[in-house]
Amino acid sequence: MWLSRRTLLLGLGLSALAGCGFEPVYGTNGSASALRGAVLVDDPKDRQQFQLTEQLEARLGRATAARYGLKVDLSVQEEGLAISGSNDITRYNVLGVADFVLRDLATGQPVMSDKVNTFTSYSASAQPVATLAAERDATQRLMTALADKIVTQLLLNAGNL
């Protein structure tokens, strides 16, 4: 009886979503298919932009038949959070802001622009190598989170392109 009740509720929920025009982004005709392999990310100029570009291409696919160009202006700042009794900073936030513009490559005209931001953190250590490794890991996690947010905005607006 439990299985059939669960199946019935699931069926009702899915039919309600279908009735309201819900369409999965990654479905057969979803908005993700319109952008997959169609977005050429501008060439990176430094390590952080390279990491961001790598994450964007992992989500959108490397451009094979590029219809759109994506320019991302990246700003990353580090901010000390926790200070020990000996005035050493032991915890850092890495703040990232990405302003991006999606443009039609045929016309050069912008079709969408937005800004996303997020942060990650890391702890400093008495060992410089460990602190550097933690900082690099936090930066990589920041680029992953920013790429996720950019792709989410692109997919939400892909129906308007």
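A residue counts as buried when its relative accessible area is under 20%, and this cut-off is used in the legends below, which describe close-up views of a predicted model.

**View 1. Tyrosine 122, a buried residue of strand 4****.** With a relative accessible area of 5%, tyrosine 122 falls under the cut-off of 20% and is therefore buried. The strand that holds tyrosine 122, strand 4, runs over residues 110–123.

**View 2. The aromatic pair of tyrosine 92 and tyrosine 122****.** A pair of aromatic rings is described by the distance of the centres and the angle of the planes. A search of the whole structure finds 1 aromatic pair, and in this pair the ring centres of tyrosine 92 and tyrosine 122 lie 5.1 Å apart while the ring planes stand at 15 degrees, so the pair is stacked. The pair links distant parts of the chain, since tyrosine 92 belongs to strand 3 (residues 89–104) and tyrosine 122 to strand 4, 30 residues apart. Tyrosine 92 is buried as well, because its relative accessible area is 18%.

**View 3. Helix 3 and strand 2 at the largest pocket****.** Helix 3 (47–60) and strand 2 (68–83) each supply at least two residues of the lining of the largest pocket, and strand 2 gives the most, with 5 residues.

Terms used. Residues are numbered from 1 along each chain as its sequence is written. This is a predicted model: local features need pLDDT of at least 70, side-chain atom pairs count only at pLDDT 80 or more; totals for chains, interfaces and linings use all residues. Side-chain values use heavy atoms; hydrogens and water are left out. Helices (H or I, at least four residues) and strands (E, at least two) are DSSP runs, numbered from the N terminus. Rings of Phe, Tyr and Trp (its six-membered ring) pair if their centres lie within 6.5 Å; planes under 30 degrees apart count as stacked, over 60 as edge-to-face and the rest as tilted. Buried means under 20% relative accessible area, exposed over 50%, partly exposed in between (1.4 Å probe, protein chains only).
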